[in-house]
Amino acid sequence: MAAPLSPDAFARALRAEGVPLTEHADWRTHHRNHKGAWGPVNGVMLHHTAGSSSVGFCRRGTPGLPGPLCVGVVAKDGTVHLVGYGRTNHAGNGCAAVLAAVREERALPKPGPDAVDGNARFYGFEIENLGDGADPYPAAQLDAVERLSAALCRAHGWSAASVLGHKEWTRRKIDPSFPMDGMRGRIGARLAGRPGPGRPAPPKPPASAYAPFPGGAFFVPGHRDPLFTAVGRRLVAEGCGRYSVGPGPVWGAADRASYAAWQRKLGYRGTDADGTPGRASWERLRVPRA
Ligand SMILES: [Zn+2]
């Protein structure tokens, strides 16, 4: 969760990642913020336009769905047209469990019923494509999608797990028409590798005394790792221990119950307190390196 970037910081982040930008009139102040919340933001949502001549349309919208319909349109040549900034009519309502998973940077569940406002929560980008499975996404266009997504993740300290497709947000939609796992893989590789052109290398962070978040998939029942003992000790210290024996190095039901107690202590409820660690709760637990 984060406050949205200012328009200037947003454009600067994209340029630093090597995204070619075209700025359309008044994009900084063209938004729907008067109709609802803008922020806190949790990620980047990708769409396809399902039309050909789309920049003006995405800026204006229709009487029934006024523009802007996104913050940026990614043209076939890889140029990103900035048409608005802030709350835009791109996401509509979507699934609360998906929002929870994005917030914790966990694997996304299949979308359930539409329940929460996505326009407040995501930077929306439309990618020019008919979405018919035949219209190609040129390499330059996919490169721009990778770069703009990485730029916003870098600016917010997010991983590639904070990027989702409209089709992953709601059962109503099928866009974008490329596999999102593949695009997240590219974004993750970019975030792990070299910084974008024009961007100075970040200073090396001092080594933290705490273990970094190993990812939700690390916490598989029966998996053995000394880190689990360290997690259990911290949970006991926080008054969240639910162990009759242990804690020990094999992740099991007592660890999960203890972690769920920690998540509830932090104020998480429902599927957010299911005992599977997410990044935010992990960082607050401050587990010493094992
Ligand atoms: Zn869409």
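Visitor: How many salt bridges does the structure hold?

Guide: A salt bridge here is a side-chain nitrogen of Lys or Arg within 4 Å of a carboxyl oxygen of Asp or Glu. By that rule, this predicted model holds 19 salt bridges. One of them joins the side chains of R186 and E146, at 2.8 Å from N to O. The pair links distant parts of the chain, 40 residues apart: R186 is in helix α6 (residues 180-192) and E146 in helix α4 (residues 139-156). Helices (H or I, at least four residues) and strands (E, at least two) are DSSP runs, numbered from the N terminus.

Visitor: What should I know about the numbering and the values?

Guide: Residues are numbered from 1 along each chain as its sequence is written, and side-chain values use heavy atoms, with hydrogens and water left out. As this is a predicted model, local features need pLDDT of at least 70 and side-chain atom pairs count only at pLDDT 80 or more, while totals for chains, interfaces and linings use all residues.

Visitor: Which domains does the chain have?

Guide: The domain assignment gives domain 1 (7-191) and domain 2 (221-285); such bounds come from an automatic or database domain assignment. The C-alpha centres of the two domains lie 34 Å apart.

Visitor: How do I read the interface between them?

Guide: The size of an interface is often given as the accessible area lost when the parts come together. Buried area is taken with a 1.4 Å probe and summed over both parts. Between domain 1 and domain 2 it is about 620 Å², with carbon and sulfur atoms giving 37%. R103, E104 and R106 supply 72% of the area that domain 1 buries against domain 2, more than any other three residues.

Visitor: How many salt bridges does the rule find across the interface of domain 1 and domain 2?

Guide: The rule finds three there. The side chains of R103 and D272, for example, meet in a salt bridge at 2.6 Å, N to O.

Visitor: And how are aromatic pairs described?

Guide: A pair of aromatic rings is described by the distance of the centres and the angle of the planes. Rings of Phe, Tyr and Trp (its six-membered ring) pair if their centres lie within 6.5 Å; planes under 30 degrees apart count as stacked, over 60 as edge-to-face and the rest as tilted. A search of the whole structure finds 17 aromatic pairs. The rings of F10 and Y123 are stacked, because their centres are 6.0 Å apart and their planes at 15 degrees. F10 lies in helix α1 (residues 7-16) and Y123 in strand β7 (residues 122-127), so this pair ties together parts that are 113 residues apart in sequence.

Visitor: Where is P68 found?

Guide: P68 is in the loop between α2 (55-60) and β3 (72-74). The peptide bond from G67 to P68 is cis, with omega near 0 degrees.

Notes. Buried area = accessible area lost by both parts, 1.4 Å probe.
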